[in-house]
Amino acid sequence: METNEHEHVIEVTDLRRVYGGGFEAVRGITFHVKHAEVFALLGTNGAGKTSTVELLEGLAAPAGGRVRVLGHDPYTERAAVRPRTGVMLQEGGFPSELTVGETVRMWAGCTSGARPVEEALELVGLGRRSGVRVKQLSGGERRRLDLALALLGKPEVLFLDEPTTGLDAEGRRDTWELVRRLRDTGTTVLLTTHYLEEAEGLADRLAILHEGRIAAAGTPAEVTASQPARISFELPDSYFLGDLPSLGELGVVGHETDGRVVRLRTHEVQRTATELLVWAREAGVELRGLDVRSASLEEAFLRIAGRASAVAAEKEEVAA
Ligand SMILES: Nc1ncnc2c1ncn2[C@@H]1O[C@H](COP(=O)(O)OP(=O)(O)OP(=O)(O)O)[C@@H](O)[C@H]1O
């Protein structure tokens, strides 16, 4: 079955993965990835990202649920899926005595319709490192070589497991730029990452995994919009928190103080900020250091991961 632009290139339904000792690393997750979309799987350490990506790559059979990549089961129909996908594992293993060029040439020999070696190396910025032995590459350069190998077969679907770990800021930006170009020319990309700014800047949609479950999903804007905005300022001299209008009336859902600095959280940022400023004008005081900002994906991530832990602990308590 060929895909067209209206289909989901990756479909995951109630997916489960259980390891040998009976540990359930993926506990029933559902999501889809559309054609030419960048989808990020985020999560704390051990959340189940790699376990999930390996199922999508057909490296293991699920314990339950269903995966389809380009309309096929990647495990039982590997021959149909593998030539159309590119895979960058967390740890690429290749002989370290070979040069970069030899490594790519060797890989190209096993890949149907491979790009020219030089083109693959240019894409990832290793054009001038062709003659260097793999063992002499820096960690970041090895990640780029991994990426070159994943791109060799001009894949329709690209799986990238932590593609920018170990890269410096410039290398990371280059990789983002490349991923965007690939997406714009029709490649579907699923990546895992620890870098929240990577997901925020690169992903069209994302899912936050926590302890094997999806704790939140949507566009980066949707996931952050579910979190309260933050307003912070310094209490004017000789004023106390109790001198402000009632926080409930201001639409504040949470607050902290740090010395004289007050931080308020609100889902109604315009109303809260306006009423606070009206109060300050009427009181004739200045709110020094006033700062109003929407939640970042990082804040959303930390709160969602923390909340998911609390909910899980509560469920365990109820079950006990
Ligand atoms: N082969 C295995 N046997 C048993 N448990 C495993 C195995 N591989 C992974 N796990 C466990 O499954 C859980 C999920 O691991 P996984 O590597 O998928 O997480 P991750 O989200 O990719 O983490 P990280 O961000 O640290 O790479 C972890 O608790 C891990 O210890």
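## Close-up views of a predicted model

**View 1. Strands E8 and E9 form an antiparallel pair.** The two strands are joined by 5 bridges. E9 covers residues 213-218. His-210 faces Arg-213 of E9 across the pairing. The structure shown is a predicted model. Between the strands of this hairpin lie 2 residues. Glu-211 has a positive phi there, near 50 degrees.

**View 2. Strand E8 also pairs with strand E3.** E3 spans residues 38-43. Here the strands run parallel, again with 5 bridges between them. Phe-39 sits opposite Arg-205 of E8. E8 itself takes in residues 205-210. Most of this strand is covered, with 5 of its 6 residues buried. Strands of a sheet are held together in pairs by backbone hydrogen bonds, and the pairing may be parallel or antiparallel.

**View 3. Three strands make an open sheet.** Their order is E2-E1-E4, with antiparallel pairing. Strand E2 (24-34) and strand E4 (64-69) are at the edges. Each has a single partner strand, so one side of each lacks a neighbour in the sheet. On average, neighbouring strands here are turned by 15 degrees against each other, direction ignored.

**View 4. Strand E1 meets strand E4.** E1 runs through residues 8-18. It is linked to E4 by 5 bridges, and the two strands are antiparallel. Follow Val-12 across to E4: its bridge partner is Val-67. In a regular strand, side chains alternate between the two faces of the sheet.

**View 5. Helix H1 lies across the sheet strands E1, E2 and E4.** The helix consists of residues 49-56. It runs at about 120 degrees to E1.

**View 6. The ligand is surrounded by 13 residues.** The closest are Tyr-19, Ala-25, Lys-49, Thr-50 and Ser-51. What classes of residue make up the shell around the ligand? There are 8 polar, 4 nonpolar and 1 charged residues.

**View 7. Val-9 belongs to strand E1.** Is Val-9 buried or exposed? The cut-off for a buried residue is 20 or more other C-beta atoms within 10 Å. Val-9 has 25 other C-beta atoms within 10 Å, so it is buried. Thr-188 is 179 residues away from Val-9 along the chain. Even so, 7.4 Å separate the C-alpha atoms of Val-9 and Thr-188.

**View 8. The whole chain places these close-ups in context.** Its secondary structure amounts to 10 helices and 13 strands. The C-alpha trace spans about 75 × 50 × 40 Å along its principal axes. Of the 320 residues in the chain, 38% are buried. Consider contacts between residues at least 6 apart in sequence: 69% of them join residues at least 24 apart. The chain is split into two parts, domain 1 (8-224) and domain 2 (228-294). Taken over C-alpha atoms, the domain centres are separated by 44 Å.

Terms used:
Residues numbered from 1 in each chain as written. Predicted model: local features only at pLDDT ≥ 70, side-chain atom pairs only at ≥ 80, totals over all residues. Pairing = 2+ DSSP bridges. Helix = DSSP H or I, 4+ residues; strand = E, 2+ residues; numbered from the N terminus. Axes fitted to C-alpha atoms, helices over the stretch in contact; angles between N-to-C directions. Contact = placed C-beta atoms within 7 Å. Near = placed C-beta within 6 Å. Nonpolar A, V, L, I, M, F, W, Y, C, P; charged D, E, K, R; others polar. Domains from an automatic or database assignment. Buried ≥ 20, exposed ≤ 12 C-beta atoms within 10 Å, placed from the backbone.
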